[in-house]
Structures are given as C-alpha cells and as structure tokens.
Amino acid sequence: MAGRAADSTVLAGARVVLPTGTVENGRVTVESTRISGSAPEDARIVDLTGHWVVPGFVDMHNHGGGGASFTSGTVDEVLHGIRTHREHGTTTLVASTVTGEMDFLARRAGILSELVEQGDLAGIHFEGPFISPCRKGAHSEQLLRHPDPAEVRKLVDAGRGAARMVTLATELPGGLDSVRLLADLGVIAAIGHTDATYEQTVEAIDAGATVATHLFNAMPPLAHREPGPIAALLEDDRITVELINDGTHLHPAILELAYHHKGAGRVALITDAMDAAGFGDGQYQLGPLAVSVTDGVARLVEGGSIAGSTLTLDTAFRRAVTIDRIPVEDVVRSISANPARLLGVDDRVGSLEPGKDADLVVLDEDFVLAGVMRKGEWIIEPKTA
C-alpha cells in the first residue's frame, strides 16, 4: 500500500487507452487528485514502459469482498470490502444488496448512503426483493414480493439520494409502474431475475428500463419459438447488458455473442461479487442463505445454485482480452466508461481525460495488474526499474 503521489506526476512510456484510442508511448499527468492537460518542469516522471495505463474500473453490481458483505456487514467491514476491490483496480463501486425484509433493507440503505455521501461508494443497487420466484437464484423465496411502486419508492427514499439501480422482474404485478417510477426518479430500472416473455420485456423497455442484470443468468434461455427476455435485451439499443466474465457464469462464446449484438458501447462488465472475492474458499452467508465456495465458485449449500461470484474486475479484464479476444479499447469501455455513464458519474470517472479524477490502473504486458491509483493516491504503486 502506498501513499499520495507527488503533487505533479507524469506517467510516461506506457500504452495509454484514451476515449479516442490507444496512444503508444503515452503520458498521463496527475496534478494532486486530478488528471491534468500539462505538466510543470519539476514534475516527477514515472517510467511505465512495457505497461498499459487504463481508467480505473467501475463496478455497478457488487455484493462484497475481502470476507465482508455489503448487505449485512458493519461499516468497517464494508470499508474493508471496498478496499479489497480497490486493490484489484475497482476505483468506483456500487454496493448491491440481496433480498431481505423491507425494513431491514431500508435500514441498510441508510447505512450505505452515509458511505456514498463520504465518497467511499458510488451508490446503492437493490437486487431483490422484487424478483421472480421462478428465477430467484441465490435469493430467499420466502422474502420475495411483487414490485409495488409504493414499496419500491420506500427503498429508494431510504437511500437518501444514493439509490442508483433497482433490479426488477418487470412482468410481476406492479412491475411496469415501478419501472416508470424509477425512470421518473432518475434511478436505473434493471430487468433481472425475470421469467418474462419477449413481449413483456419489450413493454418494460418501452416503460423506461435501461439495464439487463447479469444477462443470460437468472432468466429463461433463448429459444427459437419463445425468444424470451434475452432476445429483447440484446436487440434494443436502449439497454446496456451486464456480463459476469468469470468463466463460470458465461461461456466465452456467449460473451462474444453479447458483444457482437450489443457493441462495446452497450456492455458493462461486472463482478456480482460476494464476500469471498479476494478472500478465498470457505463457508459464507449471502443474506439469509448459506453459501459454500469451492475452487473459487460460490454455490448455495441448499440446492447448489450459483451464488454470485468471487470475481474481481482485474481478472474480468484479463480474461476479456486474453481468452475472449475482445479488443482492449472495447474492454475499457465496458469496464469503465459505460458503467460510469449509466451511474451518472462520467463527468468525474470512467476515462483518462483532463479534469477528471486521477483514477487509473496500470497493467503489465500480460494484462496482470501492476498498479492502482485513486484520486491521485497510489493504492498499489507500480514497481519501476
């Protein structure tokens, strides 16, 4: 762990991925906490020849890490989970909850909103309880409920302006009205854990839904006579699709299919991480449900459903480039720029541009994480010759 860089630092010699493309032998100038367009003569030079410099990662769907749960952990535990993901390149993070009692989730939102106000989190994502029992995944069926707009509003209000996204099974009673409510409130309505038909999904998109929660997972598969939600979500340019690129949730061919149909501008790579991310195998709780993690794969003890992931975004980045053969520039859009845009924070983060926060990740030539900077402070300082 390292401290703040000098007031003026130039990261030189790396391949720098900018919104306009990759610059060979590029330079990024950091002035205090921000990226600057020019450097003073006495700026410290950091030679990053042989490395890549990309924007800090933005994770809009994350339940915890480092042994800590964002749904149930103490403030200190949540901060530890945030630090764990920062050490893997995620400099902007949304805390996701799982299904629970409404009063509990409202209280939880109040706690997490304080961390949003402090700048430690970028917002709150409510995944459940407004989801389908047919596609519940690792959510307690006993606690699920229909998306009554009044109850959706209760959770959003409990976040005191920090709610950024709510995942809904929009085909349930109240679903479309809740989508319209969220759109009016400026909160992302995400279609997920759904048993919707193609036609019902189109209705939800027309009502204002803009995100597909972990596309392909926890929804009916694509079929030639009943295309279901996947076809509707892939074909509509108003939808950005979340993808979990851990090698367990999606086959590489499915990842390629999503990129082919959506284009890099409508994909958001997420972790859907739970407590075990960056921590290890063992026994955990995801909300009220027991989870066993073996060889990095999290599954419910009862029933064996996949229960989130142990993924970190540096691994998702490396897999996307080296295994899935997605161009580096497209991966950067998916892991930084697109989620920043969706969250409404792209004026500050998501790309390497003058005036934005000095949030960046240094990768070696094999795309292994070598350094992380957040707001001009080295979380992991790269080793240089």
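This is a predicted model: local features need pLDDT of at least 70, side-chain atom pairs count only at pLDDT 80 or more; totals for chains, interfaces and linings use all residues.
Strand 21 covers residues 377-380 and pairs with strand 20 in the antiparallel sense over three bridges. Two residues lie between these strands in their hairpin, and lysine 375 there takes a positive phi near 50 degrees.

I then looked up the burial of strand 20, residues 369-374. Five of its six residues are buried, and I recorded the strand as mostly covered.

I next turned to the other partner, strand 19, residues 360-363. Strands 19 and 20 are paired in the antiparallel sense over four bridges, with valine 361 opposite valine 372. The hairpin of these two strands has five residues between them, and phenylalanine 367 has a positive phi near 65 degrees.

I searched the whole structure for salt bridges and noted 15.

- Glutamate 353 and lysine 356 meet through their side chains at 3.1 Å, N to O. Glutamate 353 is partly exposed at 30% relative accessibility, whereas lysine 356 is buried at 11%, because the cut-off for buried is under 20%. I also noted that salt bridges with shared partners join Arg34, Arg348 and Asp357 into one network.
- Lysine 136 pairs with glutamate 141, the closest N and O atoms being 3.7 Å apart. I found lysine 136 partly exposed at 27% relative accessibility and glutamate 141 partly exposed at 40%.
- Arginine 15 forms a salt bridge with glutamate 24, with 3.1 Å between the closest N and O atoms. Arginine 15 has a relative accessible area of 38% and is partly exposed.

Technical notes:
Residues are numbered from 1 along each chain as its sequence is written. Side-chain values use heavy atoms; hydrogens and water are left out. Buried means under 20% relative accessible area, exposed over 50%, partly exposed in between (1.4 Å probe, protein chains only). Two strands pair if DSSP finds at least two bridges between them. A salt bridge is a side-chain nitrogen of Lys or Arg within 4 Å of a carboxyl oxygen of Asp or Glu.
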